[in-house]
Amino acid sequence: MRMPNRILAAALGLSLIAGSAIGASHENKANEAAIKARKAHMQLYAFNLGVLGAMAKGEMEYNAEAAQGAAGNISALTKMNQGAFWPQDSDSLSAENTRALPDIWENFPDVMEKSNALVQAATAMDAAAGTDLASLQGAIGPLGQACGACHKKYRQPE
């Protein structure tokens with residue numbers, strides 16, 4: 001039994017459309033998972049930076065152990081391989097629930113430079129935080145500036 005060419009062409013066309021939809025759906029789910037992971041990563045930064053900032057401002061009593069723990073967490077976060085968090089088309093123009101600007105992917109060398117500055121500032125905070133309040137206060141500005149440098153350029157305002 002032979003299928004007429006029109007029916008075969010229609011079936012092939014429908015299977016290609018369905019395959020594309022499934023592929024796009026999988027890609028969207030992967031990007032959604034990446035966005036969720038990077039947001040969680042940023043929340044961990046924010047939580048730990050909040051502890052250090054509160055101590056630096058005198059809103060929370062300085063505690064060397066807590067300061068060292070928060071600084072160590074930030075330092076560890078900067079050293080994580082984050083490549084999977086930033087897939088193509090996971091920016092604010094291509095996906096919902098993200099403020100990441102497409103410029104991240106267009107200016108990757110600058111993003112990496114800012115990332116390296118964050119690693120250096122986090123390492124300095126890790127060395128200073130548990131020493132005393134003055135050392136923590138001296139390291140908090142550069143750490144906040146390193147975070148802000150990337151956010152100001154590559155994150156959509158709220």
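Good morning, everyone. Because the model is predicted, local features are taken only where pLDDT is at least 70 and side-chain atom pairs only at pLDDT 80 or more, while totals for chains, interfaces and linings use all residues. Residues are numbered from 1 along each chain as its sequence is written, and side-chain values use heavy atoms, with hydrogens and water left out.

Let me begin with the interior. In soluble globular proteins, nonpolar side chains tend to be buried together. By a nonpolar core I mean a set of buried Ala, Val, Leu, Ile, Met, Phe, Trp, Tyr and Cys residues joined through side-chain atoms within 4.5 Å. Buried stands for under 20% relative accessible area, exposed for over 50%, and partly exposed for what lies in between, using a 1.4 Å probe and protein chains only.

The largest nonpolar core contains 22 residues, and L52, M125, A129, L136 and L143 have the most contacts inside it. Two or more residues of this core come from each of α1 (5-57), α2 (64-79), α4 (108-128) and α5 (133-154). The largest contribution, six residues, is that of α5. These element names follow DSSP runs, numbered from the N terminus: helices are H or I runs of at least four residues, and strands are E runs of at least two.

Please look at L52 in the structure. Which residues does L52 touch, not counting residues up to four places away in sequence? They are A67, A70, A71, I74, M125, A129, L136, I140 and L143. A contact here means heavy atoms within 4.5 Å. Apart from this core lies another, of five residues, including A100, I104, V111 and Y154.

I turn now to the cysteines. A disulfide is a covalent bond between the sulfur atoms of two cysteines. The criterion applied is a pair of cysteine sulfur atoms within 2.5 Å. How many disulfides does the structure hold? The number is zero. C147 takes part in no disulfide, the nearest cysteine sulfur being that of C150. C147 is buried, at 16% relative accessible area, whereas C150 is partly exposed, at 21%.

An unreviewed UniProt entry lists C147, C150 and H151 under "binding site". UniProt positions are given in the numbering used here, feature names are shortened, and such annotations may be inferred rather than shown by experiment. The lining of the largest pocket includes C147, C150 and H151. On a 1 Å grid over the protein atoms alone, a pocket is an open set of points where a 1.4 Å probe fits, with protein on both sides within 12 Å along at least five of seven lines; lining residues have an atom within 4 Å of a point. C147 is found in helix α5, and H151 lies in helix α5. Leaving aside neighbours within four places in sequence, C147 is in contact with L49 and L118. H151 is partly exposed, with a relative accessible area of 27%.

Next come the charged residues. Side chains of opposite charge can pair when their charged atoms come close. A salt bridge is counted when a side-chain nitrogen of Lys or Arg is within 4 Å of a carboxyl oxygen of Asp or Glu. The structure holds three of these salt bridges.

One of them joins R99 and E158, with 3.7 Å from N to O. R99 lies in the loop between α2 and α3 (103-106) and E158 in the segment after α5, so this pair ties together parts 59 residues apart in sequence. R99 is partly exposed, at 27%, and E158 is exposed, at 87%.

Which residues are linked in a network of salt bridges? They are D110, K114 and K153. Between K114 and D110 the closest N and O atoms are 3.3 Å apart. Both residues lie in helix α4, four residues apart, about one turn of the helix. K114 is buried, with a relative accessible area of 18%, and D110 is likewise buried, at 18%. Between D110 and K153 the closest N and O atoms are 3.2 Å apart. This second pair links distant parts of the chain, with D110 in helix α4 and K153 in helix α5, 43 residues apart. K153 is partly exposed, at 42%.

Finally, two residues of the backbone. D89, which is not a glycine, has a positive phi near 65 degrees. N97, also not a glycine, has a positive phi of about 65 degrees. D89 is found in the loop between α2 and α3, and N97 lies in the loop between α2 and α3. D89 is partly exposed, at 39% relative accessible area, while N97 is exposed, at 60%.

Thank you for your attention.
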